[in-house]
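Subject: Structure handover

Hello,

Here is the structure I promised to send over.

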Amino acid sequence: MDRSSSSPGRGMTTLLSAAEGRDMAVRLAALLPRAVIVALVWILGTAAFTLAADNTIVGPATPDPAAGVAAAKTELVVPSVSGQAYVFAKGILEDSGFAWRVVGSVHGYSSNRVITQSPAAGTRVVDTGAPTVTVRLVRGAYAELGRPVDVSPYRGTVIRLAGLASVTTPAVKPMAKPKPVAKKPVAKPKKPVVKTTPKPGSRPPAFTLAGAPKEPLDEISLPARALWLQSWVANRPKTGANVRHWLYQHAWIVTGAQFGWWHGAQALQTLIAVDRQLERQWGIGGKSQAVARAALEQVRRRAR
């Protein structure tokens, strides 16, 4: 009795459990595709974010505007020395940054004159150090005294004409047509005010010599040049460059005094003292001293 009555209850319980299991399986089967899709989307999103974070985009380097810009070369303008006494032509070229060289049969004595020069005056050249200007001389009105100096006391460099390098011209946009401007009444010009500039201190000549050039007032006077030379040679060693510089200044003073320039006799007296000093210091200067003494007698005679 008990066995027969309990068997139907167990069978019903088993059937219910089986039905619940099938129902759960159906629900899981329905939810499984959605879970897989969500997981795949999360994985792909994470991978894309990681890839974007790892890839760094490097842009092109900004060029330095100062790079590749060549330094502009300095230009010099050849001065005019044609017609000048050679002693003055040398000073003009040296002050302008040039070297020089004498060509032709007439040598570089101070009293000779420059008849031609190359390059011509006004030519623009590149500053290569000391561009060499060639000069051709003619005999002057005075005797050729001392030693000829046919080259500058320092090494010259080559001549390179400026402006020969090709220059790329940037494209220029056409200008817009200007709008017409209404004409305004022209005011009457005011009378210009002329400012008077005081004349520099004059240096009256010791005597007048026909054909002699005037003393250049932009140069120091002969007495000042002689005193400067006296201080310059003190305790200087005897070198080729120093000897040539002394002879150049010596010729300038002697020639200027012979032209009758201001206080030439005073400058020659100082110059003779310099020559005596160099006889003791360098062992030379006797011939130059004789030239200066002869010039001093000539200047004193003409100044009477």
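Predicted model: local features only at pLDDT ≥ 70, side-chain atom pairs only at ≥ 80, totals over all residues.

Residues are numbered from 1 along each chain as its sequence is written, and side-chain values use heavy atoms, with hydrogens and water left out.

**Overall layout**

The protein has 6 helices and 5 strands; these are DSSP runs numbered from the N terminus, with helices being H or I of at least four residues and strands E of at least two. Along the sequence they follow the pattern α-β-α-β-β-β-β-α-α-α-α. Of the 304 residues, 29% are buried (buried means under 20% relative accessible area, exposed over 50%, and partly exposed in between, with a 1.4 Å probe and protein chains only).

Helix H4 covers residues 240–258, 19 residues in all, and spans 27 Å from its first C-alpha to its last. That is close to the 27 Å expected at 1.5 Å a residue, where the expected span is 1.5 Å times one less than the number of residues. H4 is mostly covered, with 15 of its 19 residues buried. Just after H4 comes Gly260, which has a positive phi of about 90°.

H4 also matters for reading the largest pocket, as it gives 9 residues, the largest share of the lining. This pocket has a volume of about 500 Å³ and is lined by 27 residues, of which Leu145, Gly146, Arg147, Ser288 and Val291 lie nearest its centre. The elements that give two or more residues to this lining are H4 and helix H6 (286–302). For the cut-offs: on a 1 Å grid over the protein atoms alone, a pocket is an open set of points where a 1.4 Å probe fits, with protein on both sides within 12 Å along at least five of seven lines, and lining residues have an atom within 4 Å of a point. Grid points are joined across faces, edges and corners, and the volume is the space filled by probe spheres set on the points.

**Salt bridges**

The whole structure holds 4 salt bridges (a side-chain nitrogen of Lys or Arg within 4 Å of a carboxyl oxygen of Asp or Glu). Among them:

- Glu75 and Arg124 pair at 3.0 Å, N to O. The pair links distant parts of the chain, strand S1 (residues 75–77) and strand S4 (residues 124–126), 49 residues apart. Glu75 is partly exposed at 37%, and Arg124 is partly exposed at 45%.
- Glu215 and Arg203 pair at 2.8 Å, N to O. Both lie in the loop between S5 and H3, so the bridge ties together parts 12 residues apart in sequence. Glu215 is buried at 12% relative accessibility, whereas Arg203 is partly exposed at 21%.
- Arg225 and Glu219 pair at 3.1 Å, N to O, and Arg225 is buried at 7% relative accessibility.

**A surface patch**

Ile159, Leu161 and Leu164 form a nonpolar surface patch with about 280 Å² of accessible area together. Patch residues have over 30% relative accessible area and no salt bridge, with nonpolar side chains (Val, Leu, Ile, Met, Phe, Trp, Tyr) joined within 5 Å and like charges within 9 Å. Accessible areas come from the Shrake-Rupley method with a 1.4 Å probe, and for residues only the protein chains shown count as cover. Ile159 lies in the loop between strand S5 (132–138) and helix H3 (222–233).

Best wishes
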